[in-house]
Amino acid sequence: MTATPTLPPSGLTVLSLPMDDPRVRPLLDELAVEYDTRYGDLFSSEGASEELNRYPAEEFAAPHGALLIIQENGESIAGGAFRRYDHDTAELKRIWTHSAHRRRGLARRVLAELEAEALRRGYSKLYLTTGPRQPEAKNLYLATGYTALFDLTADPEEIMHLAFSKDLVPRS
């Protein structure tokens with residue numbers, strides 16, 4: 001198997017879209033499969049559909065939320081969203097890279113784009129949770145400056161929802 005080459009940022013397009021835009025659907029569909037594969041009914045008997053439908057689409061719309069998609073040659077390959085958690089904090093959700101495009105730094109790019117947009121919207125802090133069966137997500141958040149709000153030495157399966165936070169600092 002050959003590694004997919006990392007593209008320079010200029011080869012990608014970042015779009016801010018509503019949740020019901022058809023360019024978002026491919027990522028959400030694959031995310032649902034991934035959640036069901038990793039977790040089954042661990043969190044709910046309804047599996048991924050319950051998690052993906054937990055929040056109304058309007059929570060991810062301006063002025064308090066955003067959904068960003070990264071496209072390459074018209075194909076949606078990565079994305080993520082945030083919603084208002086409290087007055088100063090945005091909660092990151094649905095951070096995802098299509099399985100055919102992993103190991104290219106796209107998740108880091110999604111995080112950077114979401115952080116910049118949250119700053120523009122007036123947030124000073126980010127909060128997120130990830131599941132216990134997503135070690136690559138946990139490692140990504142730790143590597144990009146997020147603080148774990150749980151004991152890193154504990155069994156993730158006992159914690160269930162691995163929470164992280166990060167203070168946003170305007171770039172000069």
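Start with a pair of helices. Helix α3, residues 106-120, packs against helix α4, residues 135-143, at an angle of about 55°. Their axes lie 11 Å apart. Why these two values? Two packed helices are described by the angle between their axes and the distance between the axes. Keep in mind that this is a predicted model.

Now put a word to the angle. The crossing of α3 past α4 is right-handed.

Which residues meet here? From α3 come A107, R108 and L111. From α4 come L140, Y141 and A143. Sort the residues of this contact by type: 5 are nonpolar, 1 is charged and none is polar.

Step back to the whole chain. The protein chain has 172 residues, and 47% of them count as buried. It contains 5 helices and 7 strands. Read along the sequence, they follow the pattern β-α-α-β-β-β-α-β-α-β-α-β. How far apart in sequence are the residues that touch? Take the contacts with a separation of 6 or more: 64% of them join residues 24 or more positions apart.

Next, look inside. The largest nonpolar core has 27 residues. F82, L92, Y141, Y146 and F164 have the most contacts inside this core. At least two residues each come from β2 (66-72), β3 (75-86), β4 (89-97), α3, β5 (125-130), α4 and β7 (162-167). The largest share, 5 residues, comes from α3.

F164 is then in contact with L126, Y127, L128, T130, K138, Y141, L142, Y146, T147, A148, L149 and F150. There is also a second, separate core. This one has 14 residues, including M19, L27, Y55 and I69.

Now follow strand β4, where T97 is found. Is T97 buried or exposed? Its relative accessibility is 9%, so T97 counts as buried. Not counting residues up to four places away in sequence, T97 touches E30, I77, A78, R102, L106 and A107.

R94 is buried, with a relative accessible area of 8%. Its backbone stands out as well. Phi of R94 is near 60°, a positive value in a residue other than glycine.

M160 also has a positive phi, about 75°, although it is not a glycine. Where is M160? Look in the loop between α5 (156-159) and β7. At 19% relative accessibility, M160 counts as buried, because the cut-off is under 20%.

Finish with two prolines. P18 lies in the loop between β1 (13-16) and α1 (25-39). With a relative accessible area of 45%, P18 is partly exposed. P18 and A61 are 43 residues apart along the chain, yet their C-alpha atoms are separated by 6.5 Å. The other proline is P63, in the loop between α2 (48-52) and β2. What kind of peptide bond joins A62 and P63? The bond is cis, with omega about 10°.

Technical notes. Residues numbered from 1 in each chain as written. Predicted model: local features only at pLDDT ≥ 70, side-chain atom pairs only at ≥ 80, totals over all residues. Heavy atoms only, no water. Axes fitted to C-alpha atoms, helices over the stretch in contact; angles between N-to-C directions. Helix = DSSP H or I, 4+ residues; strand = E, 2+ residues; numbered from the N terminus. Left-handed = near helix turned anticlockwise from the far one by under 90°. Contact = heavy atoms within 4.5 Å. Nonpolar A, V, L, I, M, F, W, Y, C, P; charged D, E, K, R; others polar. Core = buried A, V, L, I, M, F, W, Y, C linked by side-chain atoms within 4.5 Å. Buried < 20%, exposed > 50% of the residue type's maximum accessible area, 1.4 Å probe, protein only.
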